[in-house]
Every structure is written in structure tokens, then in C-alpha cells.
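Here is a report on one chain, element by element. Keep the sequence and the 3D view open while reading.

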Amino acid sequence: MLTAHVNHRLVTAFHHSRGELLKLRSSTPAITCPHCRKPLVLKIGSKTIPHFAHQLKQDCPVMHKGESRLHHSGKKILYDRFHSLFPDVKVEYFLKEINQIADVFITSETARMAVEVQCSPLSAAELKKRTEGYRSLGIQVIWLLTEGAPRPSGALRLSSFQQAFLRHVEPLGLFLLLFLPDQQEFHLYQNLIPLSANTFHASTLHKIPVSEFTIPMTTQAPVRSFPYKIWDSSRTGWIQRILRYPTEQAFKQEVYQSGDTLLYLPQWVGLLPHYRIETHPVIWQYYLWSDALKKGGAGLGTIVSAMAARSERGDVRVRDLPLVDQGGCPLEEAVKWYLSLLEKLGIIRMEGGVCRLLQQWECPATFDLYMLHRADFSARFRI
Ligand SMILES: [Zn+2]
């Protein structure tokens, strides 16, 4: 930690030079934790920035987050940057009401903001709990993940821990913001498109030097439209893979029993992925067709209920995104989005909340017919 009570006065280590701190330490002052009041050690090494530490890590009921070198330097870098933008910035600010310490806390004329640097794995539930704690006090929270994403563009693999930090806001779309203290940079991956449960298509990596970072974020790379070809080949590859391996058996069986051919499913089944749904788009969109649309159409409420029933049975999984506003129903959001795409393609028409099929469900019977269908679809989709 970077703050402590030294002789009953709150001291922030990086506000003093090494010389001053060495002198202070040799005067054997009473150094205690501002939260649990237990004695602390002042550490002045050559590799890390000077900081305080409990004699035993588990000593403190409040300061239980991992305190690595990266975490210490991250907090200092953020403090310095935000201090140049806002007059009131504190480091390791304790909020008694929720028993949480904000790494950096900013009070501006219009808002109160907590900035959290996350260096060690944290469960999605814990992330949600801490976020809700701040929100209950009307405090905005900005989580910064320090773990580097492996590749700058193309398919990006994100662990479930990294995925918990995904946020969604227009025009950035689904995005991940990383903070790399050693490089003095923020890395922004925007317009992420989920290709599978843990692979995402990232358009470009946008690097923001700490000296240019502001809240709210104003710097952003131009939004690039998603190249449909990437999705189409990913979709085809996925269908071929599940046909070859003993996976997704229940789904394959359902397609077979319905008299459809998995290889020749219409292109609008698995048209595009939606970020709130973890299940592969071919699966959830096929279920939507077989439960509601194939029969000629249905009311929006009926379609959403059918998807909710699929979700209860575990056939369709919603992606757990604790930092995405949980206001609406993710299934309804995805269903509405998909139906609007089908409407644009001229496959359905929505009238007073009722969805009508404009052309009969048909799964091409042969390879040649499927290729004709693909050509027709490409013309409609303008790809
Ligand atoms: Zn303590």
C-alpha cells in the first residue's frame, strides 16, 4: 500500500523522496494501517517504488487485494495523470459505507469516480459486488486490467477473467481497456465480435499514452465495420468441426430429426454473433427458427419466452458480463437485434409486435442448391 499513518498523520509514500523516507524510517516512527491500525513496515527497495506493507498479509481485513510492484507503480502513474486533470484526487481512498478502498478516487464538479487497478484474478461475482458497492453510492467505477491481451488484431483469446472486464458502449461496441503501467500506455480493443465462447475478433489495437488518457475517454480509433467474410469463414469452420467431432450432440440430433441438413443451413441461421449470447449463433438462431419462425411467425413475446425456456434448459447460455449494464434482458436484446437483421434482409416483417415470415423455411437439399442460396444471400447482404 502507498498510504499509512505515520505518527498519526496520513502519509503517501510517493509524495516524499527516497532520502526523506529513509530518514523518516530511521527515526522509528509509529507506522500504522489507516484501516486496521496494525503496525506497518516501510519498504524502500531499489526495484519497487517505496510502499508500506502489513507484517502479515492476512492481518488486514480491508487491504486484502494483491499488492504487487505493478499495482504500486500503476496507482502512482494514475494518480499523477489524474492529478493533472482534476483538482481533487486521492490514492487508496477508503469508503467506510461499503468497506472498499478505491485505488484512485477522483472528485470532480460533476461526478465521483473510483479507479481500480486489477492485477490479480478476481471472480466475476466479486467484480460485480464491488461495482455494485460503488454504484450504490452513485460513484462511477473504472476497472483497469493490467494483464496484457496476447494479440493486437485478428482473433483474440480472452480468459473468463479477462472477459469479466468487457464493457459495451456506443460507438466503441464491446471493448476491453487494458492498462500497462510498465509501458505507460492504455490498450483499447474496441468493436470486439465474439467468434466463440472465448475468441473475439478485434479490429485494431489502439494504444493511448498515459499522458493523453482522460475520463470520460475521448480518444478512440475510428470505428471499422466488421468484415463479414471473417464471420462467414468462422461459421463454416465451426459447422465442419462439430460435424467431425462428438460435440454439440443434442443440437445436431435436433437438426437431423427436424429434417434439416447442418451443412446446408440457410445463411441467416448463425447470421452474426451477438455479444450477450455465449452459445454459438448457429445454435441459438436455429432454435429461434425451430421454436417460433419456421411455423410462419409469432409474437415477439412468444419468441422471447421460447428463448428463455431454451436458456433455462441450458440450450442457450447468456454471456456473463458483470460490467455491462444489467438493466435489460440480454435474451430479449439479442432476439430483437436478430429479428431486425432478418427484417432488413427481407425474410420477415414485423407488424405491431408480430413477426411474419415472408418466405417459407427451406433448407437447401443439395450442395448446388446451397451454393445458389449463398449467392442469393450475398447479393441481399451486399458482401
Ligand atoms: Zn490494515
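## Sheets, helices and a hairpin

Strands β17, β19 and β18 form an open sheet in the order β17-β19-β18, with antiparallel pairing. β17 (297–299) and β18 (348–351) stand at the edges. Each has a single partner strand, so one side of each lacks a neighbour in the sheet. From one strand to the next, the twist averages 15°. The model is predicted.

β17 pairs with strand β19 (residues 354–357) over three bridges, in the antiparallel sense. Within this pairing, Gly-297 stands opposite Arg-356 in β19. Helix α9 (residues 330–344) packs on the sheet and touches β18 and β19. The direction of α9 makes about 115° with that of β18.

### Helix packing

What does α9 meet on the helix side? Its contact with α8 is one of two helix pairs set out here.

| Helix pair | Angle | Axis separation | Handedness of crossing |
|---|---|---|---|
| α7 and α8 | about 125° | 10 Å | right-handed |
| α8 and α9 | about 130° | 10 Å | right-handed |

Take α7 (residues 281–293) and α8 (residues 300–313) to begin with. They pack at an angle of about 125°. That angle makes α7 oblique to α8. On the α7 side, the contact residues are Tyr-287, Leu-288, Asp-291 and Ala-292. They meet Thr-302, Ile-303, Ala-306, Met-307 and Arg-310 in α8. By class, the residues of this contact divide into six nonpolar, one polar and two charged.

Now α8 and α9. Their angle is about 130°, with the axes 10 Å apart. So α8 is oblique to α9. Here α8 contributes Ile-303, Val-304, Met-307, Ala-308 and Ser-311. The α9 residues they meet are Leu-331, Glu-332 and Val-335. This contact divides into six nonpolar, one polar and one charged residue.

Another open sheet has three strands in the order β2-β1-β3, with antiparallel pairing. Its edge strands are β2 (9–12) and β3 (31–32), and each pairs on one side only. Strand β1 (residues 3–6) and β3 run antiparallel and are joined by two bridges. Which residue of β3 is the bridge partner of Val-6? The partner is Ile-31.

### The β6–β7 hairpin

Strand β6 (residues 88–95) and strand β7 (residues 100–107) run antiparallel, joined by seven bridges. Phe-94 has Ile-101 in β7 as its bridge partner. The two strands form a hairpin with four residues between them. In the turn, Asn-99 has a positive phi of about 55°.

Lys-90 lies in strand β6. Is Lys-90 buried or partly exposed? A residue needs 20 or more C-beta neighbours within 10 Å to be buried, and 12 or fewer to be exposed. Lys-90 has 18 C-beta neighbours inside 10 Å, so it counts as partly exposed. The C-alpha atoms of Lys-90 and Thr-12 are separated by 9.6 Å. Along the chain, those two residues are 78 residues apart.

### An open helix

Helix α6 (residues 249–257) has nine residues, and the number buried is zero. The helix therefore lies largely in the open. Just after α6, Gly-259 takes a positive phi of about 80°.

### The whole chain

How many helices and strands does the chain have? The chain has 10 helices and 19 strands. Its C-alpha atoms fill a box of roughly 85 × 45 × 35 Å along the principal axes. The chain has 383 residues, and buried residues make up 30% of them.

Contacts can also be split by sequence separation. Consider contacts in the chain with a separation of 6 or more: residues 24 or more positions apart account for 57% of them.

Technical notes: Residues numbered from 1 in each chain as written. Predicted model: local features only at pLDDT ≥ 70, side-chain atom pairs only at ≥ 80, totals over all residues. Pairing = 2+ DSSP bridges. Axes fitted to C-alpha atoms, helices over the stretch in contact; angles between N-to-C directions. Contact = placed C-beta atoms within 7 Å. Parallel < 35°, antiparallel > 145°, perpendicular 65-115°, else oblique. Left-handed = near helix turned anticlockwise from the far one by under 90°. Nonpolar A, V, L, I, M, F, W, Y, C, P; charged D, E, K, R; others polar.
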